[in-house]
Amino acid sequence: MAFEGLSERLQGTMTKIKGKGKVNEADVKEMMREVRFALIEADVNLKVVKEFVKKVSERAIGQDVMDSLTPGQQVVKIVKDELTELMGGEERKIEFSSKQPTVIMMVGLQGAGKTTTSGKLANLLRRKHNRKPLLVAADVYRPAAIQQLETIGKQLSLPVFSKGTDMSPVEIARQAIEHAKTEHLDTVIIDTAGRLHVDEALMQELKDIRALKEPDEIFLVVDSMTGQDAVNVAQNFDAAIGITGVVLTKLDGDTRGGAALSIRTVTQKPIKFVGMGEKMDALEAFHPERMASRILGM
Amino acid sequence: AKYRKVDEDFFEELEEILLQADVGFETVIELMDELRYEVQRKNVRDTSNVQSVISEKLVDIYQAGEAETNEINFVDGLTVILVVGVNGVGKTTTIGKLAHRFKNEGKTVMLAAGDTFRAGAIEQLDVWGQRVGVDVIKQSEGSDPAAVMYDAVRSAKSRGVDVLICDTAGRLQNKVNLMNELQKVHRVISREIPGAPHEVLLTLDATTGQNAMIQAQTFKEVTDVTGIVLTKLDGTAKGGIVLAIRNKLKIPVKYVGLGEKLDDLQPFDAQKYVYGLFAEGLDKEQQLEDADK
Ligand SMILES: Nc1nc2c(ncn2[C@@H]2O[C@H](COP(=O)(O)OP(=O)(O)OP(=O)(O)O)[C@@H](O)[C@H]2O)c(=O)[nH]1
Ligand SMILES: Nc1nc2c(ncn2[C@@H]2O[C@H](COP(=O)(O)OP(=O)(O)OP(=O)(O)O)[C@@H](O)[C@H]2O)c(=O)[nH]1
Ligand SMILES: [K+]
Ligand SMILES: [Mg+2]
Ligand SMILES: [Mg+2]
């Protein structure tokens, strides 16, 4: 694997510094060079890397570290702690509304995993939170997007609200919320079409859906393999519609997933779930510490 | 505009621009070393003259001594094209676009619905088939993809079509079972027609970062990838990693995807691509500098 060498190098530096009885500024600098390299190779955005390295360096050459009995171990710990902290610290739970129904919007770039995650989320909310979800087919653009969601609904024996491709997504969402009320379905999950963050017309469509009934969650669904551009995507989606959280998909792959850190840093919105496979039970709560280790290759 | 000097600051900026285009550390460092040397040798003084030098070097790195090969390897009789890649990168959409393109060139085209796994995948390919006006060979969801391919190759041969394009399910390269399944699909095709598939196109998403290198490595091992289609270049991502992939693995990019419509596919142009990696970034830096003055 391409990252093996990197991981070894990083662990090498970490081990070296860990074993030291005394750590000076040059040691820290040397280690931070390796950390910077590791983070960039893990797809953490360059600007985010810079800030991070600066912050950690300041802490690491602080007097308390230098004077401690195990300065090397302290420095390694700082790197991981800071990364975990940046990742959001504690696990964050999903929000439900007191006013029925709870509305959840799934948004993101093309192919990120919105439709699949809609199904997984509905399944999880039913099983773990005893909710009655309604899946809403609001992607009228992608070929067979509606059939895809309908198939998923059938697999899960969950209702899917669809009106074909002639009605506007905003109208579909409006009717779906009404339908949920009359059918006593307490959670509406709206699957929207994939779109570029720079597509103004389609971003407006999301604003219009959002205006129907303030969603309790707007999840930005992000492919964990995303590179440097992740910050642009997240910033634009957040600025346009105000996301409430992030779902990181395809983490069953072997990507380092540095995009997670970038997105978290620029939006300050929590990563709430991770997708761990294509099947409908492959959605898990997010663990900041595990993600920190993964990005560093430790 | 007044152009700045080509100094160490300039190189650092360029390095950052390329890293932010996902080119990757190794390749960027290699490039920067060669560029410093080249700039010195040619005595390039300001940034207005350095752009062409950068372009040249990037194309050099991209090609690594190989000839430009973005043509599809059409053979006499039936040409089989297998499209592979990880989940959601744009395989099925690209197949629709390719079919449209080949049909416009006067070829008869057939599609094989080899993704029998993902919900709605067969229907999706079917819609593309209807849009383009070509036949789609399919079986029911959940059936063996190798069996679909066998069927498709047989029908394509008996109907005398020129091109058969085979869709496959998205799979992450670290899933051994799924990669074995892909190998089997590949084998079934070669058994029916020696030398086929004539092209194996790996679809890569331009928004993907460094993981695309591992994707290319693994898919190449399993299916003998002959070319890359770089999709979603209509966004703000630059797809810099394919530069490193071509340099290291010698896989050429054949097409780029620039949208979701039938016509949004273009043959790869190395010059244009490398220019996109850095020029806009340099301009932006220049504007910032100018504004500072
Ligand atoms: N391995 C893996 N695959 C996933 C995961 N989540 C989604 N996928 C796959 O990724 C591909 C794209 O998923 P979709 O749900 O269609 O993505 P989307 O965002 O709805 O796509 P568009 O509607 O076209 O924008 C499919 O092949 C899914 O099976 C995951 O967590 N792991
Ligand atoms: N903007 C843009 N979107 C694209 C491009 N190519 C494909 N897409 C979109 O990306 C999404 C995924 O495309 P698919 O063709 O379904 O991808 P796939 O690789 O077949 O996905 P799976 O079969 O689920 O693995 C769809 O929403 C497409 O419309 C492109 O070049 N630009
Ligand atoms: K993707
Ligand atoms: Mg979808
Ligand atoms: Mg597909």
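Visitor: Let's start with B:Asp205. Is B:Asp205 buried or exposed?
Guide: First, keep in mind that this is a predicted model. The general idea is that a residue counts as buried when its relative accessible area is under 20%. B:Asp205 has 7%, so B:Asp205 is buried.

Visitor: And A:Asp223, is that one buried or exposed?
Guide: Use the cut-off again: A:Asp223 has a relative accessible area of 12%, so A:Asp223 is buried too.

Visitor: Which protein donors does the potassium ion have?
Guide: The general idea is to look for N, O and S atoms close to the metal, and for K the cut-off is 3.2 Å. Here the potassium ion (ligand 3) has A:Asp223 (OD) and B:Asp205 (OD) as its protein donors, at 2.8 to 2.9 Å. A:Asp223 sits in strand 5 (residues 217–223) of chain A and B:Asp205 in strand 5 (residues 199–205) of chain B, so this pair joins two chains.

Visitor: On to the ligands. Which residues come nearest to ligand 1?
Guide: To read a site, list the residues around the ligand and then ask which chains they belong to. There are 23 residues around ligand 1, and those that come nearest are A:Gly113, A:Lys114, A:Thr115, A:Thr116 and A:Arg142. Residues from chains A and B surround ligand 1, so the site is shared between chains.

Visitor: Which element gives the most to the shell around ligand 1?
Guide: That's helix 6 (residues 114–129) of chain A, with 4 residues. Sorted by class, the shell around ligand 1 holds 4 nonpolar, 11 polar and 8 charged residues.

Visitor: How do I spot polar contacts with ligand 1?
Guide: Look for pairs of N or O atoms within 3.5 Å. One example is A:Thr116, where a polar side-chain atom lies 2.5 Å from an oxygen atom of ligand 1. Backbone atoms can take part as well: a backbone N or O atom of A:Gly111 is 3.0 Å from an oxygen atom of ligand 1, and for A:Gly277 the distance from a backbone N or O atom to a ligand 1 oxygen is 3.3 Å. Taken alone, ligand 1 exposes 650 Å², and the protein buries 96% of that.

Visitor: Which residues of helix 6 of chain A are buried?
Guide: Among them are A:Lys114, A:Thr115, A:Leu121, A:Leu124 and A:Leu125. After helix 6 of chain A comes A:Asn130, whose phi is positive, near 60°.

Visitor: What should I make of a positive phi?
Guide: Here's the general idea: most residues other than glycine have a negative phi. A:Asn130 has a positive value without being a glycine. A:Asn130 is in the loop between helix 6 and strand 2 (133–138) of chain A. With 68% relative accessibility, A:Asn130 counts as exposed.

Visitor: Where does B:Asn43 lie?
Guide: B:Asn43 is in the loop between helix 2 (25–42) and helix 3 (47–63) of chain B. Phi of B:Asn43 is positive, near 55°. At 46% relative accessibility, B:Asn43 counts as partly exposed.

Visitor: Back to the ligands: where does ligand 2 lie?
Guide: Ligand 2 lies between chains A and B.

Visitor: Last one: how do I read a cis peptide bond?
Guide: Most peptide bonds are trans. In chain A, a cis bond joins A:Gln100 and A:Pro101, with omega about -15°. A:Pro101 has its place in the loop between helix 5 (71–86) and strand 1 (102–107) of chain A. In chain B, the bond from B:Ala196 to B:Pro197 is cis, with omega near -5°. B:Pro197 is in the loop between helix 7 (176–192) and strand 5 of chain B.

Definitions and conventions: Residues numbered from 1 in each chain as written. Chains lettered and ligands numbered in written order. Predicted model: local features only at pLDDT ≥ 70, side-chain atom pairs only at ≥ 80, totals over all residues. Heavy atoms only, no water. Buried < 20%, exposed > 50% of the residue type's maximum accessible area, 1.4 Å probe, protein only. Near = heavy atom within 4 Å. Polar contact = N/O pair within 3.5 Å; in protein donor to acceptor, adjacent residues only side chain to side chain. Areas by Shrake-Rupley, 256 points an atom, 1.4 Å probe, with all protein chains shown as cover. Nonpolar A, V, L, I, M, F, W, Y, C, P; charged D, E, K, R; others polar.
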